[in-house]
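Please walk through the model below with the text alongside.

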Amino acid sequence: MHPAISVIFFTVASGAGFGLIFLLGLGFPVGGGAGRAFAVSLAGGGLAVAGLIASTFHLGHPERAWRALSQWRSSWLSREGIAAIATLGLFGIYALVWMWSGSRLQILGLLVSLGAAATVFTTAMIYAQLRTVPQWKTRLTPAVYLSFALASGWLLASALGNHAAPGPWGIALVILAWAMKWAWWVRAGRTRLADSGSSPETATGLGFIGKVRLLERPHSGENYLTREMVHVIGRKHARKLRGLALALGAVLPVAILIITALTNAPAPVNLLAALSMLAGLLAERWLFFAEAEHAVSLYYGNR
Amino acid sequence: MTSLPATTERRLGLVIDLDTCVGCHACAVNCKEWNSGAQDSPLSDVDAYGADPSGAWLNRIHTFEVTPEGAPAQIVHFPKSCLHCDDAPCVTVCPTGASHKRSEDGIVLVTEDMCIGCGLCAWACPYGAREMDPVENVMKKCTLCVDRIYSETLAEEDRIPACVRTCPSSARHFGDFNDPTSNVSVLVAARGGIDLMPEMGTKPVNKYLPPRPKTNAATRTDPARPAAACQPDTPRPEGFLGWLDAALDRLG
């Protein structure tokens, strides 16, 4: 699949933003007055909104994006839009009350957390629902998106808030998230298009005669389908990118968390861990798209 | 509404005969022509006469080589357009309601001015039936020529999809699959019509008729090369040529 930069940035940034919002809704301790409450709310809301705005860049008609809120009965993309807007609205009220009165409304906070989790889940289901991409169609996909959102959100929260022991929790959440991703990668390695039961033989229905091979594409040039779904260039550096994702997304953040915990460094140093993880997740998300094999490639001779 | 209708009154669709298709691309060309002139917006091309032409097509003709065990390979031309699936995943994923399946005839359509061009429907389709228009930035797909089949101004014989109308080898047939006596239902029953990628659970309406089995090349007599024994003798020339012919024969 074509790794669109806008969608990669959207899923990573929104994931971290909603992860932070989830933790704030649950009452993640943040000291200081209204200014601090404003800063941390702006970080969560800003990342979530920036991601959502980026996601409209890949639309052919962004001015009609409001229509995407109408089909929640059948469409995960529609549900995602509704969940995101509802969550951000509730979070806005939560943050305003917090800044105004200094009190954090518990029930409203729980609703915000529920909404944030639902938003990340619906984002993941946009991909996990697609039977045409066997590597994506698994419960592990929402598990990975949720655990990455939680881990990157925690790193941001621990840098901006006043949790007593952000280090051990942060390390545990980062490791949990990459364990999920590792399981996802192992499954994806075994669930390539060729393993899914679909083949040029089933795609053409000609398997009863013999082995099927594409002789000629419909046109000599590329088309929307080959650019969007038979995108193979992005896989060229897959091994290096996977190493980069693990180094920046897992090893470096854990190392920074250990150092800050041992040296009693000020909490904002954890921001480095958060930024490193987000950079690693950009590489991870690139591979999520670039390595995915779509069924339509069976009609075009390569995966 | 992007929820699918439980049933449709009629199930209009195509039967494509892989035995008779000659791969001439006439159906794709006529599809492009009709849908560039008669729809909400043209079916666009970019750099059509340049070095890197690209554009949206609703029907594309692939060509496959099929190799049976212990026999020579055969070539199968393979036209592919929207299959108007009963369980169309492209419809349910649409967030705006632009993509829909009609309950009266089962045709899957896109309402262009509601489409946001997110491309998710094309991702959901295993057949590559949907293509983003590079100029209009909305999703385009086969309409089963909904503007021809219900037309009251076109001549009766033209009220079929453009691809069916133009096919010179009668490889394409149009009709109602809900009617067991329709031409398409009869063809599917007689020739064992098949679904593409049934494992995707899309329940396509369009059916493909598989190529008829080849006769064994070893036992076949080739009418183009009659056996030498059957060749008639060269007629004997007369006069001087006859004498020359006989004299040369005697020389051995």
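In this predicted model, A:T204 belongs to helix α7 of chain A, which covers residues 200–204. Its relative accessible area is 0%, and since the cut-off for buried is under 20%, A:T204 counts as buried. The side chain of A:T204 comes to 3.3 Å from the backbone nitrogen of A:L206. Residues up to four places away in sequence aside, A:T204 touches A:V212 in chain A and B:L18, B:F64, B:F78, B:I194 and B:L196 in chain B.

How is the size of an interface often given? It is often expressed as the accessible area that is lost when the parts come together. Between chain A and chain B, about 4800 Å² is buried, with 61% of it on carbon and sulfur atoms. Chain B contributes 60 residues to the contact and chain A contributes 57 residues. Three residues, B:F64, B:I116 and B:W123, account for 17% of the area that chain B buries against chain A, more than any other three residues.

Apart from neighbours within four places in sequence, A:T123 is in contact with A:F10, A:T11, A:E80 and A:Y145.

The axes of helix α1 (residues 5–25) and helix α5 (residues 140–160) of chain A come within 7 Å and cross at roughly 65°. The crossing of α1(A) and α5(A) is right-handed. On the α1(A) side, the contact involves A:T11, A:G15, A:A16, A:G19, A:L20, A:F22 and A:L23. On the α5(A) side, the residues include A:Y145, A:A149, A:G153, A:W154 and A:L160. By class, the contact of α1(A) with α5(A) has 11 nonpolar residues, five polar and no charged.

The last stop is chain B, at two non-glycine residues with positive phi. B:D47 has phi near 55° and lies in the loop between β2 (45–46) and β3 (54–55). With a relative accessibility of 37%, B:D47 is partly exposed. B:S170 has phi near 50° and is placed in the loop between α5 (162–166) and β10 (172–176) of chain B. B:S170 is likewise partly exposed, at 49% relative accessibility.

Methods
Residues are numbered from 1 along each chain as its sequence is written. Chains are lettered from A and ligands numbered from 1 in the order in which they are written. This is a predicted model: local features need pLDDT of at least 70, side-chain atom pairs count only at pLDDT 80 or more; totals for chains, interfaces and linings use all residues. Side-chain values use heavy atoms; hydrogens and water are left out. Helices (H or I, at least four residues) and strands (E, at least two) are DSSP runs, numbered from the N terminus. Buried means under 20% relative accessible area, exposed over 50%, partly exposed in between (1.4 Å probe, protein chains only). A polar contact is a pair of N or O atoms within 3.5 Å; within protein, one must be able to donate a hydrogen and the other to accept it, and residues adjacent in sequence count only if both atoms are side-chain atoms. Contact means heavy atoms within 4.5 Å. Axes are lines fitted to C-alpha atoms, for helices over the stretch in contact, and angles run from 0 to 180 degrees between N-to-C directions. A crossing is left-handed if the near helix is turned anticlockwise from the far one by less than a right angle, and right-handed if clockwise. Ala, Val, Leu, Ile, Met, Phe, Trp, Tyr, Cys and Pro count as nonpolar, Asp, Glu, Lys and Arg as charged, and the others, Gly among them, as polar. Buried area is the accessible area (1.4 Å probe) that two parts lose on being put together, summed over both.
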